[in-house]
Amino acid sequence: MQVKTQLDDLQNYLIDASNMPGGNAERLFVPETAEEIAEVLREANENGIAVTISGARTGTVGGAVPFGGYIVSLERLNKIKSIDKATMTAVVEPGVILADFTKAVEAEGLFYPPDPTEWSCQIGGTVATNASGARSFKYGATREFVTGLTIVLADGDVLKLKRGEVFSNGDGVVKLKTEGGRNITAKIPTYERPNVRKNVSGYFNEQPLDAIDLFIGSEGTLGVVTEIELRLLPKAEGFFSGIVFFKNQEDLLAFVDEAKAASFSLHKPARDQGRSGLSAAEDALTDVRASASLIEYFDDRALAFIRERFPETPEGMAGAIYFEQETTSETEDALFEQWNSSLEKHNADIDGSWFTTTDADREKMRAFRHALPVSVNERVVRNKQKKIGTDMAVPDENFAGFLKYQKEMLDASGIEYVIFGHIGDCHLHANLLPKDEDEATRSRHIYGRFVAQSIMLGGCVSAEHGIGKLKSKYLYVMMGERYLNEMAELKKAFDPKGILGRGNMFDKKYSN
């Protein structure tokens, strides 16, 4: 195990993709085994030293930024231990890079759906944040595919969990026994979760609660995951993808509503069954009804940014939709006809739109999607200001009104912006791009207004990026004192001294 104390050696571990300033730490540990992690945690726990877990540091909310204490990097725990075609499961260590894992799985003719935008992330990080992405529209987030976890707790003891084995009782209490024989009793927070398709705002709760779900999305605050068992799916035979342009926003939204309604008629059973064994998601591969695996949105301003790299992007459009449908040789023609009929019905610019069933053109469409954040980041560098990006989701029935509210407020502000993202899940990212300090201040105020509006509409403050340290004040607005205290009590059951992920999700005062 490497141990480093020099600032030059620690520097890269004091920041993540949030660019949150002020990170500092006393020591960096780079263990190679779970036993070495347990050794570090035992020492830290005995001395009350804060421990920040570090993965690929691709998170955008400061969760991996330490403020004192120790850093434990999981980069050396990077083995794919097994991929089993017969059971369609895999076992990995937390430091495995998502892109590497996806390639290994596809080489076996299998498929792992979770697809956060940054594929250089580590699998452990995706579990810690319950990461999602475009394909969560059909398949759900990482939680749906985690079937087993090995976790080192703050005192160095080990907890092994399998999905379906331990549940909360009628009083909302989970009782667990560690490998060392210690009994842990934890009370599940009682807040009601918003009726949204994506939400990573606070600890997961439901009744009854599978104990494994406590740790998925817990942002490194309850324990350190050292081994992960994942459920895999069969790889689709083919696909049909389209980037479709609309001159009218109302037509675009009507098309999305119709596509969602058709898709959810097939997706619902998959989500209901998706946490154990095979589900209706696999059966839907042979269905001849239109059913998108992803539906992504780009507003008119986003298209202007993309046009810098893809000059063939048509002008004068209100927005575009990127969708994808899994197919077989038997269903491809019928599905194409259904999508074409829906697009004609909703006045899409079919002649100017792009469609493909080939891997090469599909990659070009993905490049189109990823051209936007690249162009946005270049503008941020040029402006010498931080972008301010939203991550809220609202219930289906309130989505159109929320989008209208956002665009009207942003247009009135005069601040440059783009809106894009996961419209199928009623979850879009509005990126504000201030040019100076005045616009930066106004952008933060607008962000706060959006938070308040999303909560008022029954939504959440973070749909996929998590809370970390940057959004803890917004979680407070969403949850309130009572529920943050319930979260803190849950944390104390597993980490009595509050050493893990200190400052993540809620202020450290709640862990005292």
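User: Let's start with Lys 160: is that residue buried or exposed?

Analyst: The general idea is a cut-off on relative accessible area: under 20% is buried, over 50% is exposed, and in between is partly exposed, using a 1.4 Å probe and protein chains only. The areas themselves come from the Shrake-Rupley method with that 1.4 Å probe, and for residues only the protein chains shown count as cover. Here, Lys 160 has a relative accessible area of 53%, which means it is exposed. Before we go on, this is a predicted model, where local features need pLDDT of at least 70 and side-chain atom pairs count only at pLDDT 80 or more, while totals for chains, interfaces and linings use all residues. Residues are numbered from 1 along each chain as its sequence is written, and side-chain values use heavy atoms, with hydrogens and water left out.

User: Which strand holds Lys 160?

Analyst: Helices (H or I, at least four residues) and strands (E, at least two) are DSSP runs numbered from the N terminus. Lys 160 belongs to strand E9, residues 158–162. For a sense of distance, its C-alpha atom is separated by 50 Å from that of Asp 251, which is 91 residues away along the chain.

User: How many helices and strands does the protein chain have, and what is its radius of gyration?

Analyst: You'll find 13 helices and 20 strands. The radius of gyration is taken over C-alpha atoms, and the globule rule is 2.2 Å times the number of residues to the power 0.38. For 512 residues, a compact globule would come out near 24 Å, and the 23 Å of this chain agrees with that. The C-alpha trace spans about 65 × 60 × 45 Å along its principal axes, and 59% of the 512 residues count as buried.

User: How many salt bridges are there?

Analyst: We call it a salt bridge when a side-chain nitrogen of Lys or Arg is within 4 Å of a carboxyl oxygen of Asp or Glu. The structure has 29 of them. One pairs Asp 213 with Arg 143, with the closest N and O atoms 3.2 Å apart. That pair ties together distant parts of the chain, 70 residues apart: Asp 213 sits in the loop between E11 (183–187) and E12 (224–231), and Arg 143 in the loop between H5 (136–139) and E8 (146–152). Asp 213 counts as buried because its relative accessibility is 0%, and Arg 143 is buried at 5%.

User: Which residues are linked with those two in a network?

Analyst: Arg 163 and Asp 210 join Arg 143 and Asp 213 in a network of salt bridges. Arg 163 and Asp 210 meet at 3.9 Å, N to O. Arg 163 is buried at 16%, and Asp 210 is buried at 4%.

User: Where do Arg 482 and Glu 486 lie?

Analyst: Both are in helix H13 (residues 472–494), four residues apart, about one turn of the helix. Arg 482 counts as exposed at 54%, whereas Glu 486 counts as buried at 19%.

User: Which residues form the negative surface patch?

Analyst: Patches take residues with over 30% relative accessible area and no salt bridge, joining like charges within 9 Å and nonpolar side chains (Val, Leu, Ile, Met, Phe, Trp, Tyr) within 5 Å. Lys and Arg count as positive, Asp and Glu as negative, and His and the chain ends are not counted. Each charge is placed at NZ of Lys, CZ of Arg, CG of Asp or CD of Glu. In this structure, Glu 237, Glu 330, Glu 332, Asp 333, Glu 337 and Glu 344 form the patch. Glu 237 is in the loop between E13 (233–234) and E14 (238–246), and is exposed at 56%.
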